Amino acid sequence: MAGETATVFMTVNGKPINANIDPRTLLVQLLRENLRLTGTHVGCDTSQCGACVVHVNGKAIKSCTVLALQLEGADVLTIEGLAAPDGPLHPMQEAFRDNHGLQCGYCTPGMIMTAVDIVRRKGHDLDDRTIREELEGNICRCTGYHNIVKAIAAGGRAMRGNGSAAKAAE
Amino acid sequence: MYAFTFHRPQTVRQAASLLAKHEDAKLLAGGQTLLPTMKLRLAGPPQIIDMSLIEGLSGIEQSGRSLTIGAMTRHSDVNTSPVVQQAIPVLAQLAGMIGDPAVRHMGTIGGSIANNDPNADYPAACLGLGATIITNKRRIKADDFFTGMFSTALEPAEIITKVSFPIPKKAAYQKFRNQASRFALVGVFVSKRGGDIRVAVTGAGSNGVFRVSSFEQALKKRFSPKSLEGMTIPADGMNSDIHGSAEYRAHLVGVLARRAVADAIGKPIA
Amino acid sequence: MSATGIGAAVRRKEDHRFIIGTGHYTHDINRPGQAYAYFLRSPHAHAAIKSIDVKAAAQMPGVLTVLTGADLAADKIGNLICGWMIHSKDGTPMKMAPRPALATGKVCHVGDPLAVVIAETLAQARDAAEKIAVDYEVLPAVADPAAAQKKGVDAAFRSTKQVTKLDIVNNRLVPNAIEPRAAIGDYDSGTGSFTLWNTTQNPHVARLVIAAFVCMAPEHKLRVIAPDVGGGFGSKIFIYPEEVRRAMGVQACRAAGEVGGRSFLADAHGRDHVTHAEMAFDADGKILGLRAKTVANLGAYMSTFSSSIPTYLYATLLSGQYEMPQIYCEVDAVYTNTVPVDAYRGAGRPEATFVVERLMEVGAREMAQDPAELRRKNFIRTFPHQTPVIMTYDTGDYGASLKKAMELADRKGFGKRKRESARHGKLRGIGFSSYIEACGIAPSQAVGSLGAGVGLWESAEVRVNPTGSVEILTGSHTHGRGHETTFAQLASERLGIPIDNVSIVHGDTDKVQFGMGTYGSRSGAVGMSALAKALDKIEAKAKKVAAYILEAAEGDIEFKDGKFSAAGMDKSAAWGDVALNAYIAHFSGQELEPGLKEGSFYDPTNFTFPAGVEGRVHDGVAQGVGQPLYEGAVYDEHGQLVTGSFMDYAMPRADHLPSMTVDTTVTRCPSNPLGIKGCGEAGAIAAPPAVINAITDAIGTEELAMPATAQAVWAALQKSNRIAEAA
């Protein structure tokens, strides 16, 4: 058992990954330690802080609360894969930057991935109350959320037709 | 975590036989309860049986006067299902209050019910609607299923496959959150189906989810918050911790029951 | 103001790496062949260590070594220290209990580390730690500070019948930056050098303490690097046991960040005061005096600055914004078997402000006076103003802030809103808090005279490159505070160069001259002032070079918008030309050194005193609302931390907080070159009393403790026999 390994195949940010891992490996560990994609963070041990949120098969998941082995064949998207490769930033990323939605940056990747998921589920015209409720699983200690809420509202509008966040802020 | 062997059975029968073979094995449904427990090393099952490849365990179906939900159906799917929203809207709302959006993408109704956390929401819904829990061996009525904090009537190698809810005439759920964990400090589920009135409470009882027969009796006469005016339940047998004393939880049961009934009859208390 | 200079709203330069996931936090660093450390922590609040047997643990797979306190002592590793000596009333020095990095002989709080396993993987280290056999003899524990243990002002109190009295608990908080602490130590046996990557707000101070006191390595052989740090709030100022490691003979070793529940036991907590306070007023409501007796919980050991928080950073703010002829404060700082307590967002000032502002509000209610009017009546109006508690306030216009706040809050319309709420069965209240704090910590002489073992100046070095781009090396450390942008804005504005041509270098003791780090809202007032002084020197030298290029007298050179021109002559030199020429250095016959680089140390001449009815922006307010409504670290009578994770310690979420309106009134600070005050902690200081004042106004009773949860408010209403149907 200890010392046992298993193999898992999945796609991460568009790239096929074959990994030989300890069965105990959480998705967040596979991403951070095996794949060196350190943009996804660990901030708590009770699955509450949301710093680890990524997309699995198009849905926001807490990568600290899923075993890599549960995700055979899955399609995983992390913060590093959100912007087009060598391309422009995702409108939600721009919205966070333009609206000062971050300070220390630690909760930010999880916030942005959650935000994109909120827009996909709840639409492009998000009111403050909805955003705040939808952020129940993401904790920020720095910003007080005010600018994060603004950023997500702006990002949502900008994601309509893939416009730019700057335009949406006008 | 402690080390384990990971199994991915393709059928319920295979899963059951793995459970029978390995006494300390645990089923893995959504993992949103089991994995955090394992990470803290509070549990160390040597075998994990992942349920996600088994076909036919997810799905939502309405037939006649009941709504059936597969055990592996995720909370987010129950929340957004037009079938659930139409048949038992409060169930969709309740599913949308569990955890947070990311947790809801993984967590399952079967996992929640089998775990019977004393602060969980689904047990209140099952007891509050008079659901039937269907396993690979038999059908168990909700009244018989929840036997105490973290314990159920499930036998070894018995696996929940679906949950069937009779469709009520009126129903509502009021959840008063623990501000830290966001679980129910107290949650009250009420329903009326013909002459069958149910008031189920989660979070408050030291023996897990329970029904309040005094409230049910009062509501039988007239299903209105007024029927519950001035009614309380004793603080004895209530949970007590820094988040809520036994007295406070007992008090909340009364308040939330009145609010839930008001919601159920379409006249919410502001 | 230029398009990118001070005050301009620019995008933060540092944001790019954070939003694309390439931030470089300590836990992201992966040294080749690194090992992992896992600390064994005491499950008991107080126990003697009768024996500790690591033999079985050391044999476990992957284990490189297991260390205990005895090993550190054998290696002559020194103890952790508290760096601020204070004395009791009778002159006796504070009793600083020894704090070795790994407990020896006894453990003093749940979470006290007593051994460390270093292994090839974290799981292996953790597995081995479970095999360490410790024989504890459990001893009685004390968690409650009040259970652990007054003058000239008395005359003021005797002269009046109008005395407001309050018993106040300032509830213990856990800082909980979302990034857990982490440290990686690497030893190069070839050069005998150590490198420590650490989540610290002050890498040089960490290096000094670890070198000089803990004796891990000589200072010149120890490099401390603070990469991107995910929030600090004070908790990452201190030097912790985990950073101390015997790296000799062991390859690179990462102490996995203590996450979640373990960080609750490993990181310094904040606040935890029990105070009895009284304020005396004359018949018109003018303050005659304030006296307070506080029992402050130090925890099991004195953390790095813990002595100063409940003493010099607390009592010196008890004058608030008011004329107070007499103030007396007595503080008993006590040890308990709990996690050590030290600075946390506001560090002493929230505690003081809470006392003063509750007394003012309750005093107003007792005297049937309007709380805003009572404050206005007592505001200090002439500056500089010497308070009875050491501080001299330099400037302020408190009436203006109050007036603006009342307008923004539509105080006039409150009565109508209250009646409307009552119609819906809801209670509505309004609460005030006029806060002040001492920021821009601090004049070295002042703190030295109070016992600090350090000076609190800051350093800055400006390096101009031959191509005209600029590096600013600062001893301040940004951990979300935006220095990479704000400091660059200052340079951009002063030198007339694009903000993208300015880099900020910080957080590396090999690169940056000794600096004191970031805390106490000092990066603006102190850190940027050091930068301003260095920029002054750069300008002066650049003018000399420009004089040479333009063949003009130095005194005739003017510098504006990035151009040097000679008065009365039709010639100018661009910044880039001057920079290049400084390095080409063809100044024949001039007594001018080549190069263009200047450093400066800035020692503030005073604290700065931002004040207002809501000084800054939203983040401090989140924590300032968290404390009165949601947060609170609770110990049981056995010294077990009941609120040991986010499951029980309520961290404010987005739906716990409102959106906010923030505004400012400006009085320039006269004591630093930039006239700035500092604001990082304002919300955490001002908001708690405002919130409690509002709730007590609504429910009509003062008996309400923080956090004012639904249960607490219900209990208060029950006790005062108000409304039954409240939840």
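**View 1. How confident is the predictor in chain C?** What pLDDT does chain C average, and what share of the residues score at least 70? Welcome to this predicted model: chain C averages a pLDDT of 86, and 89% of its residues score at least 70. For the complex, the predictor gives an ipTM of 0.95 and a pTM of 0.92. One stretch of chain C asks for some care: over residues 612-617, pLDDT stays under 50. The model has 18 contacts beyond four places in sequence for this stretch. Where pLDDT is low, the predicted coordinates should not be read in detail.

**View 2. The domains of chain C, and where domain 1 meets domain 3.** Chain C is divided into domain 1 (32-140 + 176-266), domain 2 (273-441 + 606-719) and domain 3 (457-602). Taken over C-alpha atoms, the centres of domain 1 and domain 3 of chain C are separated by 40 Å. In this view, 17 residues of domain 1 of chain C are in contact with 14 residues of domain 3 of chain C. On the domain 1 side, the elements that give two or more residues are α6 (203-213) and β10 (222-225) of chain C. The largest share, 4 residues, comes from α6(C). By class, this domain 1 side has 8 nonpolar, 6 polar and 3 charged residues.

**View 3. Two helices of chain C, packed together.** Two packed helices are described by the angle between their axes and the distance between the axes. Here, helix α14 (residues 523-550) and helix α15 (residues 575-584) of chain C pack at an angle of about 90°, and their axes are 9 Å apart. That makes α14(C) roughly perpendicular to α15(C). To find the contact, look in α14(C) for Ala542(C), Val545(C), Ala546(C) and Ile549(C), which meet Asp577(C), Val578(C), Asn581(C) and Ala582(C) in α15(C). By class, the contact has 6 nonpolar, 1 polar and 1 charged residues.

**View 4. An open sheet in chain C.** This sheet has 3 strands in the order β4-β2-β6 (chain C), with antiparallel pairing. At its edges stand β4 (106-107) and β6 (133-138) of chain C; each has a single partner strand, so one side of each is left without a neighbour in the sheet. Strand β2 (residues 47-53) of chain C pairs with β4(C) in the antiparallel sense over 2 bridges. A handy place to start is Ala48(C), which stands opposite Lys106(C) in β4(C).

**View 5. An open sheet in chain B.** In chain B, 5 strands form an open sheet in the order β4-β5-β10-β6-β7, and the pairing is antiparallel. The edge strands are β4 (60-63) and β7 (139-141) of chain B, each with a single partner strand, so one side of each has no neighbour in the sheet. Direction ignored, neighbouring strands of this sheet are turned by 20° against each other on average. Strand β5 (residues 66-70) and strand β10 (residues 160-166) of chain B pair in the antiparallel sense over 5 bridges. In β10(B), Lys162(B) is the bridge partner of Gly70(B).

**View 6. Chain C meets its partner chains.** Let us begin with chain A: 41 residues of chain C are in contact with 43 residues of chain A. The elements that give two or more residues to this side of chain C are α1 (15-19) and α16 (618-629) of chain C. The largest share, 4 residues, comes from α16(C). The residues of this side divide into 19 nonpolar, 14 polar and 8 charged. Turning to chain B, the contact takes 14 residues from chain C and 11 residues from chain B. By class, the side of chain C that touches chain B has 9 nonpolar, 3 polar and 2 charged residues.

Key:
Residues numbered from 1 in each chain as written. Chains lettered and ligands numbered in written order. Predicted model: local features only at pLDDT ≥ 70, side-chain atom pairs only at ≥ 80, totals over all residues. Domains from an automatic or database assignment. Contact = placed C-beta atoms within 7 Å. Nonpolar A, V, L, I, M, F, W, Y, C, P; charged D, E, K, R; others polar. Pairing = 2+ DSSP bridges. Axes fitted to C-alpha atoms, helices over the stretch in contact; angles between N-to-C directions. Parallel < 35°, antiparallel > 145°, perpendicular 65-115°, else oblique. pLDDT = per-residue confidence, 0-100.
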